[in-house]
Amino acid sequence: MADRANFVVVRENGEYELYLSRFGAVGIDLDLLAGPAEALSMVRQLKVDGWWLDDVHCQGAALIDLGRRVLLVFAWEGPSVVMRHRAAAMELLREAWAGWEVRWAYDGPAELRTYLGLDPELVRDRDPDVLVGELLEPESEDLADPEPMVAVVTVGSDRCYVVANVSDHPIREGTSLLDRLAGGPEHEACRMSAEAGVHVDPVRRRVGWWVLGASAEAYEMPQRWPGWTVEFWQDRWEEHVRRSGGRFQPPPVDREHALAEVRAVAAHRWETRMRP
């Protein structure tokens with residue numbers, strides 16, 4: 001399976017070069033941990049290509065603005081999208097890119113185009129059908145993995161559901177999400193790691209959501225929830241924990257251990273890339 005990525009290098013004069021990697025999305029965060037010089041060297045070994053990947057097919061991207069010293073990045077896979085490694089990966093990334101502004105592109109490739117002043121619609125896939133993951137039973141084998149591919153959905157302080165995070169973010173369903181949850185398999189609480197989440201307050205008609213990767217149209221979600229207040233918490237899953245009344249309680253993160261693990265994985269990747 002291809003893991004396609006776009007790379008953009010913005011020169012000091014504001015002009016940009018667009019690169020396409022057909023096998024560069026998985027591990028993009030680890031590659032960037034090598035710092036600006038190594039990242040630029042890696043990118044410029046790729047072919048300059050005018051093909052912008054769209055919301056569906058772009059599985060990772062990085063924009064390196066040499067003039068403004070901004071790094072804009074997102075990934076679908078890698079330590080930066082694993083809950084226990086997220087903060088460590090971002091901390092190490094900012095350390096490696098000292099003096100740069102490091103941002104996460106929650107809206108995927110559209111956010112890179114918006115940054116450049118280009119029309120984001122070029123990379124939009126405005127399919128009206130939302131592809132949703134199934135509601136998982138508490139006994140589902142999919143939950144046996146230490147880092148399951150799931151999104152957690154809590155409603156008020158008394159209901160919890162777990163959704164397979166294999167397609168669109170549940171927030172994109174809009175209010176029809178509540179209809180799908182009705183009668184679905186409930187969990188006493190979600191005590192596992194997750195990649196995304198939604199908390200619904202039906203009394204106040206407020207909904208908050210977060211994601212560690214990217215979600216197409218991330219900043220347009222209020223349009224899918226008319227009459228509701230929608231809060232985008234970006235990667236701040238701790239806010240979900242606070243609002244859920246104990247229904248979402250992921251394992252605690254050991255910062256030092258997480259930093260050591262990310263460093264080790266990155267070092268192994270760099271060593272592997274250097275082998276003949």
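Predicted model: local features only at pLDDT ≥ 70, side-chain atom pairs only at ≥ 80, totals over all residues.
Residues are numbered from 1 along each chain as its sequence is written, and side-chain values use heavy atoms, with hydrogens and water left out. The chain has 7 helices and 10 strands; these are DSSP runs numbered from the N terminus, with helices being H or I of at least four residues and strands being E of at least two.

**Overall shape and surface**

- The radius of gyration, taken over C-alpha atoms, is 19 Å, which agrees with the value near 19 Å for a compact globule of 276 residues. The globule rule here is 2.2 Å times the number of residues to the power 0.38.
- Along the principal axes, the C-alpha atoms fill a box of roughly 55 × 40 × 35 Å.
- Of the 276 residues, 52% count as buried (buried means under 20% relative accessible area, exposed over 50%, partly exposed in between, with a 1.4 Å probe and protein chains only).
- Take the contacts (heavy atoms within 4.5 Å) between residues at least 6 apart in sequence: 69% of them join residues at least 24 apart.

**Charges and salt bridges**

- The chain carries 31 positive and 47 negative side chains, and the centres of the two sets lie 4 Å apart. Lys and Arg count as positive and Asp and Glu as negative, while His and the chain ends are not counted. Each charge is placed at NZ of Lys, CZ of Arg, CG of Asp or CD of Glu.
- There are 25 salt bridges, each being a side-chain nitrogen of Lys or Arg within 4 Å of a carboxyl oxygen of Asp or Glu.
- One of them pairs R86 with D235, with the closest N and O atoms 3.1 Å apart. R86 lies in helix α3 (residues 83–96) and D235 in the loop between β10 (229–232) and α6 (237–243), so this pair ties together parts that are 149 residues apart in sequence. R86 is buried at 3% relative accessible area, whereas D235 is partly exposed at 23%.
- E101 and R103 also pair up, with their closest N and O atoms 2.9 Å apart. E101 is partly exposed at 40% relative accessibility, and R103 is partly exposed at 28%.
- E231 bridges to R206, with the closest N and O atoms 2.5 Å apart. This pair links distant parts of the chain, with E231 in strand β10 and R206 in strand β9 (residues 206–211), 25 residues apart. E231 counts as buried at 17%, while R206 is partly exposed at 32%.
- Shared partners join several salt bridges into one network, made of D55, D107, E121, R124, R126, D168, R172, E217, E220 and R224.

**A buried histidine**

- H240 is found in helix α6 and counts as buried, with 0% relative accessibility.
- Leaving aside residues up to four places away in sequence, H240 touches V152, T154, G197, V198, H199, W210, W233 and F248.
- H240 and T154 are 86 residues apart in sequence, yet 8.6 Å apart in space, C-alpha to C-alpha.
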